[in-house]
Amino acid sequence: MNIEYMTQVKENPVLEGFKNRSFSLDKIKQIEQKFNHGKEFPKAFREFLFLAGDFNNIAFDGIDGIEELQEYAKEDLEKTKQKVDKPFFCFSCL
């Protein structure tokens with residue numbers, strides 16, 4: 001994948017001893033299918049997943065990974081009796 005937006009992530013794969021772990025393009029497509037009705041994510045986010053989707057050193061997701069974070073977000077919405085009718089993707093659950 002050509003990295004156009006996430007150049008700093010590409011140039012700094014290790015920060016404070018933590019190394020980014022990437023997702024393959026196939027894995028990114030699976031995540032898009034599961035969470036975005038098969039539509040591609042924006043290019044910058046696809047680049048991020050390609051460079052650091054499995055684990056990242058910039059605290060963009062939870063300790064259990066970005067896919068598990070989506071389940072936490074859905075649970076939080078259910079607890080508060082909220083509903084999102086469109087596809088959404090959570091980056092942080094605080």
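Asp64, Glu68, Glu75, Asp76 and Glu78 form a patch of negative charge on the surface of this predicted model. Such a patch is made of residues with over 30% relative accessible area and no salt bridge, like charges being joined within 9 Å. A salt bridge is a side-chain nitrogen of Lys or Arg within 4 Å of a carboxyl oxygen of Asp or Glu. Asp and Glu count as negative, and the place of a charge is taken as CG of Asp or CD of Glu. Accessible areas come from the Shrake-Rupley method with a 1.4 Å probe. The model is predicted, and local features need pLDDT of at least 70, while side-chain atom pairs count only at pLDDT 80 or more. Residues are numbered from 1 along each chain, and side-chain values use heavy atoms, without hydrogens and water.

Aspartate 64 lies in the loop between helix 3 (43-52) and helix 4 (66-79); helices are DSSP runs (H or I) of at least four residues, and strands (E) of at least two. With 48% relative accessibility, aspartate 64 is partly exposed, a class between buried (under 20%) and exposed (over 50%).

Phenylalanine 45, in helix 3, is buried, at 11% relative accessible area. Beyond its neighbours within four places in sequence, phenylalanine 45 is in contact (heavy atoms within 4.5 Å) with Ile66, Phe89 and Phe91.

Glutamate 16, in the loop between strand 1 (14-15) and strand 2 (18-19), has a positive phi of about 50 degrees although it is not a glycine. Glutamate 16 is exposed, with a relative accessible area of 78%.

Key. Patch = residues over 30% accessible without salt bridge, like charges linked within 9 Å, V, L, I, M, F, W, Y side chains within 5 Å. Buried < 20%, exposed > 50% of the residue type's maximum accessible area, 1.4 Å probe, protein only.
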